[in-house]
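Please open the model in your viewer and keep the selection tool to hand. The tour below moves from one selection to the next and says what is to be found at each stop.

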Amino acid sequence: MKLDSTHDPALSSWVESANEAGCDFPIQNLPFGIFRRKGSKEAPSGGVAIGDQILDLAALGVRTGPTLNGLAGAGRAPLRKLRREISSALARKSSRYKRLQRHLLPMKRAELLLPVAVGDYSDFYTGIHHATNVGRILRPDNPLLPNYKWVPIGYHGRASSIVVSGTPVRRPLGQLKAADAPAPQLGASRRLDYEAELGFIAGPGNRLGQRVRIAKALDHLFGVVLLNDWSARDIQAWEYQPLGPFLAKSFATTVSPWVVTLDALEPYRCPAFPRGADDPAPLPYLFDDSDQREGGYDIEVEMNLRTAKLKAPVRLSRASFRDSYWTLAQMVAHQTSNGCNLQPGDVLGSGTLSGTTPDSLGSLMELSQGGKKPLELPGGERRTFLEDGDEVVQRGRCARDGYAAIGFGEARGRIAPAGA
């Protein structure tokens with residue numbers, strides 16, 4: 001681990017809200033985002049979250065423009081230096097307190113925008129418990145396909161429909177075919193689902209044709225956002241054979257507005273997922289000793305649901321990225337092993353994160369056992385899949401003894417009725 005003074009749990013800020021217990025954005029976090037004042041026509045600019053405030057990066061001489069792509073592409077070393085400067089400037093004893101105070105904007109008065117211009121999006125399938133659970137639903141006799149433990153499974157996603165938290169999600173139309181129907185028909189999805197994931201934002205890219213070695217993989221990443229890869233299970237069931245999901249996924253993917261940097265996540269690194277004695281060893285291009293020792297990240301992701309009748313969201317699941325069969329470095333090494341070129345702002349999805357207990361299942365597909373067992377909600381409501389007006393609220397957090405806990409904010413999306 002590469003820890004420094006910015007990770008000191010005793011560090012506090014002159015922004016008092018950053019020192020409150022349970023705060024997502026203490027001084028040990030310092031995630032980046034793009035914002036502008038609500039109701040204004042001013043150009044978006046880069047900021048850093050501190051407590052319930054946003055510090056304009058322009059106050060530190062850092063001008064980002066309307067996206068963080070330039071900052072992402074700068075590389076880990078310059079970003080680490082900037083993080084230290086921001087930490088020093090926001091620390092309680094900072095001599096820059098009076099000058100910087102006027103560059104703070106309360107989050108409740110800010111419009112938070114998509115943090116990066118996403119050029120490309122790949123979605124992996126690293127959550128082994130999710131893969132096994134869904135496999136049991138679809139293929140009871142063969143839940144986990146034989147390639148799963150050899151290769152980090154992924155597919156090429158749709159970047160243009162990645163949206164920031166708070167953007168309504170319109171119920172998609174697609175071809176639907178009941179098992180006993182002679183032909184499909186166009187209709188609104190009736191089995192609309194969410195998927196609890198993380199999104200990893202690419203930093204410095206690699207040239208086309210030049211792969212990234214696993215030992216250097218994390219140098220090509222900027223940070224992490226929450227990611228909800230909405231899924232229309234009924235559309236997917238008809239269209240995915242033989243090429244995989246298409247319209248069932250491309251209608252919307254929701255991400256949180258704050259990018260938590262890899263440097264902020266250093267205290268929460270952990271060993272890679274322990275492979276079984278009968279599991280194959282990773283091929284050499286996917287193996288690195290240090291990655292096995294501390295290539296995992298203990299990032300908890302929870303999914304909450306609010307209906308029209310519920311005053312507050314109710315938590316449906318909580319799981320951790322530490323249960324991913326493949327590490328982040330392995331994802332990058334595999335993505336680029338064929339010479340694919342990553343570019344700043346590209347997104348790599350983790351795949352759905354589920355655990356081994358009923359309260360850790362990261363999709364309604366799993367929670368309702370494919371729609372066969374409705375969930376009982378407070379107030380007597382039931383759900384197998386999402387209904388119009390339902391709002392899904394995703395949250396993330398890292399906590400470890402001896403270190404300050406940090407959060408990721410929220411990724412929210414409310415289901416709007418299907419269009420004509």
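Select S94 together with W14, S88 and A89, the residues with which S94 is in contact (heavy atoms within 4.5 Å) once its neighbours within four places in sequence are left aside. S94 sits in the loop between α2 (76-90) and α3 (97-101), where helices (H or I, at least four residues) and strands (E, at least two) are DSSP runs numbered from the N terminus. With a relative accessible area of 13%, S94 is buried, a term that means under 20% relative accessible area, with exposed meaning over 50% and partly exposed lying in between (1.4 Å probe, protein chains only).

A word on the model before going on: it is predicted, so that local features need pLDDT of at least 70 and side-chain atom pairs count only at pLDDT 80 or more, whereas totals for chains, interfaces and linings use all residues. Residues are numbered from 1 along each chain as its sequence is written, and side-chain values use heavy atoms, with hydrogens and water left out.

Next, select K249 and E195, which form a salt bridge (a side-chain nitrogen of Lys or Arg within 4 Å of a carboxyl oxygen of Asp or Glu) with their closest N and O atoms 2.8 Å apart. Because K249 belongs to helix α6 (residues 247-250) and E195 to the loop between β12 (192-193) and β13 (196-202), the pair ties together parts that are 54 residues apart in sequence. Both K249 and E195 are buried.

Now select E302 and R315, joined by a salt bridge at 3.9 Å, N to O. E302 is in strand β20 (residues 300-306) and R315 in strand β21 (residues 314-320), so this pair ties together parts 13 residues apart in sequence. E302 is buried at 13% relative accessible area, whereas R315 is partly exposed at 44%. To widen the view, select the network of salt bridges that includes E302, R315, E391 and R412.
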